[in-house]
Amino acid sequence: MDLGCSFDSFDNDNKRNNPYIMGMANDGNLVYDHEHDGSSQQMGGCLRDFRNKPFPIRAKIEYFKNVLTVLIHNGMTDNERDYEMCYRAENVFLPPKGYFGVTAATGGLADDHDVLRLLVHSLRSADEMAQLRLNQEEEEKFQKEFEQYQQKTQKARDEYIAQHPDAARKEEELYETSEQRELRQIFEGQGQIYDFIKQLNVKLDEVIGRQERTLSLVSGGQIAVGQGGTQVPPPSGGMGGNDIGVVLSNQREIAQNARDIKTIISDVQSISQQLLNRAQGSVQPVGGSYDFHVTLKELNEGINIVKPFFWKDLETLPLGETLSFGKTLRPFLWESPSLETLPLGMRELSILVS
Ligand SMILES: [Ca+2]
Ligand SMILES: [Ca+2]
């Protein structure tokens, strides 16, 4: 099996689909269908104008793990990275060994194409390939061991199942398939949703019950609401006839007390009025417009004149003896201005005159 990547510039079938780049596998028995530009023989291709470009056009043909990829650089730039996908074909099986070659053909018309470079290289470096080969050998070895082990365990399992058919059934139940797991997850999710809805229902019932209770209490006139808006249950039994009687008697008592106080106040008022009238009657005969305070002031001055004459004698007088105001009494100095240190009789006198 060979692989050909052709650049067909002439449109033989006149379908205006050239220049065309295409891939074609051939085991040596196929002849390129020039009449139809190989349209029925291609494994993939793309319409690209690859003639007369400022820079050489490039084709990158990759064959890796039985996948063929053809990328085309259209020659419009000199950038190495300007490759575009032309086609990709899977399940392309080429022999491990072969040759790379370049050839050309034409019909009645001549055309000129130059091959500037043909580069062939591995997709992996030599070290990578060596490592890969080593890994491949190891992998094959491990794979072989694994297969042997698997066969061994399978054989042991088969023997065990043959001896214990019940245990085999249990083991099958123990492990769940991906479908079973998915189904179980769906059931669990639905169960959670169902529980949540059930909880919501219970809460809703509670709220409705509370609301109905509140409404019934409001209509019965026995609601008691706390400060935070929380409902307080009404006192058990409510108010009895006895309590109402007590309250009424208290009210009667308060009303009676108020009436008594009113009587007392009116008595006080009348008495004070009488006193006032009496006071006015006693002052007027003394001096008409004579002021009571002036009289007091004169009396005070008189006592102050008298005081110095009997201070010392007062101390020596026996208690209860009547004081006589005369010239025989010796004058004395006013030594003690403090009221508490004065003798008893003087203190009384001081109180009188102050
Ligand atoms: Ca052609
Ligand atoms: Ca054509």
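The model is predicted: local features require a pLDDT of at least 70, side-chain atom pairs count only at pLDDT 80 or more, and totals for chains, interfaces and linings use all residues. Residues are numbered from 1 along each chain as its sequence is written, chains are lettered from A and ligands numbered from 1 in the order in which they are written, and side-chain values use heavy atoms, with hydrogens and water left out.

The strands provide a starting point. Helices (H or I, at least four residues) and strands (E, at least two) are DSSP runs, numbered from the N terminus. Two strands are taken to pair if DSSP finds at least two bridges between them. Strand β1 (residues 2-8) runs antiparallel to β2, and seven bridges join the two. Within β2, Met-22 stands opposite Ser-6. Strand β2 also pairs with β3 in the antiparallel sense, over four bridges, and the partner of Tyr-20 in β3 is Leu-47. Strand β2 (residues 20-26) is largely enclosed by the rest of the structure, because six of its seven residues are buried. Here buried means under 20% relative accessible area, exposed means over 50%, and partly exposed lies in between (1.4 Å probe, protein chains only).

Donors are N, O and S atoms within 2.8 Å of the metal (3.2 Å for Na, K and Ca), and sites may look incomplete because water is not among the atoms. The calcium ion (ligand 1) is coordinated at 2.3 to 2.5 Å by Asp-8 (OD), Asp-8 (OD), Phe-10 (O), Asn-12 (OD1) and Asp-37 (OD). Along the chain, the donors of this ion (ligand 1) follow the spacing D-x1-F-x1-N-x24-D. Asp-8 is buried at 12% relative accessibility, whereas Asn-12 is partly exposed at 36%.

The cysteines form another topic. A disulfide is a pair of cysteine sulfur atoms within 2.5 Å, and a search of the whole structure finds one. This disulfide joins Cys-46 to Cys-86, with an S to S distance of 1.9 Å. The pair links distant parts of the chain, 40 residues apart: Cys-46 is in strand β3 (residues 44-47) and Cys-86 is in strand β6. The torsion about the S-S bond is about -105°, so the disulfide is left-handed. Cys-46 is buried, with a relative accessible area of 6%, and Cys-86 is buried at 10%. Cys-5 is partly exposed, at 25% relative accessibility.

The structure holds seven salt bridges, each defined as a side-chain nitrogen of Lys or Arg within 4 Å of a carboxyl oxygen of Asp or Glu. Arg-58, Asp-78 and Glu-80 are linked in a network of such contacts. Asp-78 pairs with Arg-58, the closest N and O atoms being 3.3 Å apart. This pair links distant parts of the chain, 20 residues apart, with Asp-78 in the loop between β5 (67-73) and β6, and Arg-58 in strand β4 (residues 58-64). Glu-80 also forms a salt bridge with Arg-58, with the closest N and O atoms 2.9 Å apart. Glu-80 is in the loop between β5 and β6, 22 residues from Arg-58. Arg-58 itself is buried, with a relative accessible area of 18%. Elsewhere, Arg-88 forms a salt bridge with Glu-90, the closest N and O atoms being 2.7 Å apart, and Arg-88 is partly exposed at 48%.

On the surface, Phe-100, Val-102, Val-115, Leu-118 and Val-120 form a nonpolar patch with about 530 Å² of accessible area together. Patches consist of residues with over 30% relative accessible area and no salt bridge; like charges are joined within 9 Å, and nonpolar side chains (Val, Leu, Ile, Met, Phe, Trp, Tyr) within 5 Å. Accessible areas come from the Shrake-Rupley method with a 1.4 Å probe, and for residues only the protein chains shown count as cover. Val-102 is placed in the loop between β6 (83-89) and α1 (126-163), and is exposed, with a relative accessible area of 53%.
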